[in-house]
Amino acid sequence: YYRKKTEAQGNIDVMNKMDEYYSEHPTAGVRTMRSMLLMQGIAVNEKRVRRLMRKMGIQAIYPQKKLTKQGQAKYVHPYLLKGKKIDSPDQVWSTDITYVPMRHGYMYLYAVIDVHSRYIVGWRFSNTLDKSNCIELMEECIAKHGTPEIVNTDQGSQYTSADWINTLEGKGISISMDGRGRCKDNIWIERFWRTIKQEYIYRYPTDVVSDLRAGIGRYMEFYNELRPHQSLGNATPPSKIYRIKDKAA
């Protein structure tokens, strides 16, 4: 039987360096990323960097041209959060996917954050970028915490698919999507990615998926229950709201 070919270790090492650089400099594109690698003595061409960035699911954040024919996906929705006052839990959830480096491999981390409380309402670990992970995670979050009013995402292929759109619309959820090239539209989950990578993932590299999954689970609990948040006046996310919901259910 055919077995899917994995990335060579040399490519994985390059991807891990690119991930660390991108976490600090999300405006870095293919040329900038290649220059950064060349400065570190890693000889790569633009074609290789571009392929690896696509595999990681990252792209440079920069203002893009707006033409008459934008070529947007059929299921792209407008951004609904501009100027909106977000003052209660479950009013707006934000979700995204990030590349997670390992010593000799990589995984993808999916997460959903409540914008008001900064509480991570759910997460999932996978070795694929399949849209089913997004849908199943969202359904798990709704089953546990209730239905949000709005869910905000980027314009990635997982979130501009018919299955994703139908799942949210079927539950009466308003769909919001970042504008093209607007990194701050989904800033809540982007800040969380930077935090968990700097405070845990980069500090505790491992080859064992089960160890990494367990460690991320412990960090998620710490982030929700014990870590102070400047945006909340150095308080922790009001997770008691969700515990009360669980008990009521």
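The following legends describe close-up views of a predicted model.

Local features are reported only at pLDDT of at least 70 and side-chain atom pairs only at pLDDT 80 or more, whereas totals for chains, interfaces and linings use all residues. Residues are numbered from 1 along each chain as its sequence is written, and side-chain values use heavy atoms, with hydrogens and water left out.

**Figure 1. Overall organisation of the protein.** The secondary structure comprises 8 helices and 5 strands; helices (H or I, at least four residues) and strands (E, at least two) are DSSP runs numbered from the N terminus. In order from the N terminus, the elements read α-α-α-β-β-β-α-β-α-β-α-α-α. Of the 249 residues in the protein, 44% are buried. Here buried denotes under 20% relative accessible area, exposed over 50%, and partly exposed the range in between, with a 1.4 Å probe and protein chains only. A contact requires heavy atoms within 4.5 Å. Among contacts between residues at least 6 apart in sequence, 63% join residues at least 24 apart.

Figure 2. Helix H2 spans residues 30–39. Its residues Val30, Met33, Met36 and Leu37 are buried. Viewed down the axis of H2, these buried residues fall within an arc of 125°, so they line one face of the helix; the arc is that of the directions from the helix axis to the C-beta atoms. An α-helix has 3.6 residues a turn, so residues three or four places apart point the same way. Arg31 and Met39, on the other side of H2, are exposed. The buried residues of H2 pack against H1 and H3. Gly41, which follows H2, has a positive phi near 80°.

Figure 3. Within H3 (residues 46–56), the buried residues include Val49, Leu52, Met53 and Met56. The packing partners of the buried residues of H3 are helix H1 (9–24), helix H2 (30–39), strand E1 (92–102) and strand E2 (105–114). Gly57 follows H3 and has a positive phi, near 80°.

Figure 4. Asn11 is found in helix H1 and is buried, with a relative accessible area of 12%. Apart from its neighbours within four places in sequence, Asn11 is in contact with Arg48, Arg51 and Leu52. Of these, Leu52 is also one of the buried residues of H3. The C-alpha atoms of Asn11 and His104 are 9.9 Å apart in space, although these residues are 93 residues apart in sequence.

**Figure 5. Two loop residues with positive phi.** Asp90 is located in the loop between H3 and E1. Although Asp90 is not a glycine, its phi is positive, at about 65°. Asp90 counts as buried at 9% relative accessibility. Arg118 lies in the loop between E2 and strand E3 (119–126). Phi of Arg118 is likewise positive, near 65°, in a residue other than glycine. At 16% relative accessibility, Arg118 counts as buried.

Figure 6. His145 is in helix H4 (residues 131–145), and Val121 is in strand E3. The side chain of His145 reaches the backbone oxygen of Val121 at 3.1 Å. A polar contact is a pair of N or O atoms within 3.5 Å; within protein, one must be able to donate a hydrogen and the other to accept it, and residues adjacent in sequence count only if both atoms are side-chain atoms. Both partners are buried: His145 has 4% relative accessibility, and Val121 has a relative accessible area of 6%.

**Figure 7. The contact between helices H4 and H5.** The axes of H4 and helix H5 (residues 162–170) come within 9 Å and cross at roughly 10°. Axes are lines fitted to C-alpha atoms, for helices over the stretch in contact, and angles run from 0 to 180 degrees between N-to-C directions. H4 and H5 are therefore roughly parallel to each other, a class that covers angles under 35 degrees, with over 145 roughly antiparallel, 65 to 115 roughly perpendicular and the rest oblique. H4 contributes Lys131, Cys134, Ile135, Met138 and Glu139 to the contact, and H5 contributes Asp163, Trp164, Thr167 and Leu168. By class, this contact has 5 nonpolar, 1 polar and 3 charged residues. Ala, Val, Leu, Ile, Met, Phe, Trp, Tyr, Cys and Pro count as nonpolar, Asp, Glu, Lys and Arg as charged, and the others, Gly among them, as polar.
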